[in-house]
Amino acid sequence: MLLHIERLLDASAVARMRARLDSADWIDGRETVGPQGAEVKRNQQLPEASPLRAELGREVLAACAGHSVFHAATLPVKILPPRFNRYAGGGIYGAHIDGAVMTLADGSQLRSDIACTLFLANPDDYDGGELIIDDTWGEHEVKLPAGDAVVYPAGSLHRVEPVTRGARVASFFWIQSLVRDEAKRRTLLQLDASIRQLTASAADNAAIKQLTGVYHNLLRLWAEA
Ligand code: NI
């Protein structure tokens, strides 16, 4: 399931973040990939140990925690501290699959069920840089307004097209979900959306309560952590 998350960050938060990022010290993005990724990755990242990365990463996580659609779609158990990247001057990331298991700073591990890219540059400000995600339905091209994000299965082959003008700045991170299976997560998201619509239309209260119970009982059956 590929889902567009609108306004994860509002315009003022994006502007503040960009002001900090545009004057930051970037390093070669190959710091965080294995040998296969290193062959196809040509971009820049904030260093893993950078205090700015930690600070802005916390801000992104706070935005995720406060966004109801993000939460309903991902049902996070753990989120890797967000990273920040920048593509310019032909920067590209060729087709690859993200690592399945990642190690956090405290030594614990995270299974990457879902990948997230949060766009921090407006599409008008750069050419190229589309995120191309290949799933069972074919290739999807994603290039979103600054502040919007996409979540997609981390197991899908994906790439970033060359940036031929301007700079593509983004945050990216992985999520371990309470519900590992994508089809089950989609079912829960659809049920959650239906319950919200019924609640907003002041439909029969008892029926809504019953449906809400079904949601939680399915989550109880399917939750793994
Ligand atoms: Ni990737």
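**Reading the terms**

Modeller: Let us begin with the largest pocket: helix 2 (35-40), strand 6 (83-88), strand 7 (92-96), strand 8 (101-103), strand 10 (114-119), strand 15 (157-160) and strand 16 each give at least two residues to its lining. This is a predicted model, in which local features need pLDDT of at least 70 and side-chain atom pairs count only at pLDDT 80 or more, while totals for chains, interfaces and linings use all residues. Residues are numbered from 1 along each chain as its sequence is written, and side-chain values use heavy atoms, with hydrogens and water left out.

Biologist: What makes a run of residues a helix or a strand?

Modeller: Both are DSSP runs numbered from the N terminus: a helix is H or I over at least four residues, and a strand is E over at least two. Strand 16 supplies the largest share of the pocket lining, six residues.

Biologist: What makes a space a pocket, and what makes it a cavity?

Modeller: Both are found on a 1 Å grid over the protein atoms alone. In a cavity a 1.4 Å probe fits but cannot get out, whereas a pocket is an open set with protein on both sides within 12 Å along at least five of seven lines. A residue belongs to the lining if it has an atom within 4 Å of a point. By that rule 38 residues line the largest pocket, with Thr32, Val33, Tyr93, Asp98 and Trp174 nearest its centre. Its space is about 650 Å³, where a volume is the space filled by probe spheres set on grid points joined across faces, edges and corners.

Biologist: How is the lining of the largest pocket divided by class?

Modeller: It has 19 nonpolar, 13 polar and six charged residues. Ala, Val, Leu, Ile, Met, Phe, Trp, Tyr, Cys and Pro count as nonpolar, Asp, Glu, Lys and Arg as charged, and the others, Gly among them, as polar.

Biologist: Which residues line the largest cavity?

Modeller: The lining consists of Met1, Ala73, Ile114, Val151, Tyr152, Pro153, Glu182 and Arg185. Strand 14 (149-153) gives the largest share, three residues. The volume of this cavity is about 50 Å³, and the structure holds one cavity of 30 Å³ or more.

Biologist: How many aromatic pairs does the structure hold?

Modeller: There are two. In one of them, Phe70 and Phe173 lie 6.5 Å apart, centre to centre, with 50 degrees between their planes. Rings of Phe, Tyr and Trp (its six-membered ring) pair if their centres lie within 6.5 Å; planes under 30 degrees apart are stacked, over 60 edge-to-face, and the rest tilted, so this pair is tilted. Phe70 belongs to helix 4 (residues 68-74) and Phe173 to strand 16 (residues 163-177), so that the pair joins parts of the chain 103 residues apart. Both Phe70 and Phe173 are buried.

Biologist: Why is the pair of Phe172 and Trp174 called edge-to-face?

Modeller: The planes of these rings stand at 85 degrees, with the centres 5.7 Å apart, and the pair is therefore edge-to-face.

Biologist: Why does Phe172 count as buried?

Modeller: Buried means under 20% relative accessible area, exposed over 50%, and partly exposed in between (1.4 Å probe, protein chains only). Phe172 has 12% and is therefore buried. Trp174, at 8%, is buried as well.

Biologist: Which atoms are the donors of the nickel ion?

Modeller: They are NE2 of His96, OD of Asp98 and NE2 of His158, at 2.1 Å. Donors are N, O and S atoms within 2.8 Å of the metal (3.2 Å for Na, K and Ca), and these atoms therefore qualify. Water is not among the atoms, so sites may look incomplete. His96 is buried because its relative accessibility is 10%, and Asp98 is buried because it has 12%.

Biologist: What makes the phi of Arg7 worth noting?

Modeller: Most residues other than glycine have a negative phi. Arg7 is not a glycine, yet its phi is positive, about 50 degrees. Arg7 lies in the loop between strand 1 (3-5) and helix 1 (11-22), and its 57% relative accessible area makes it exposed. Leu75 likewise has a positive phi, about 45 degrees, without being a glycine. Leu75 is placed in the loop between helix 4 and strand 5 (76-79), and at 4% it counts as buried.
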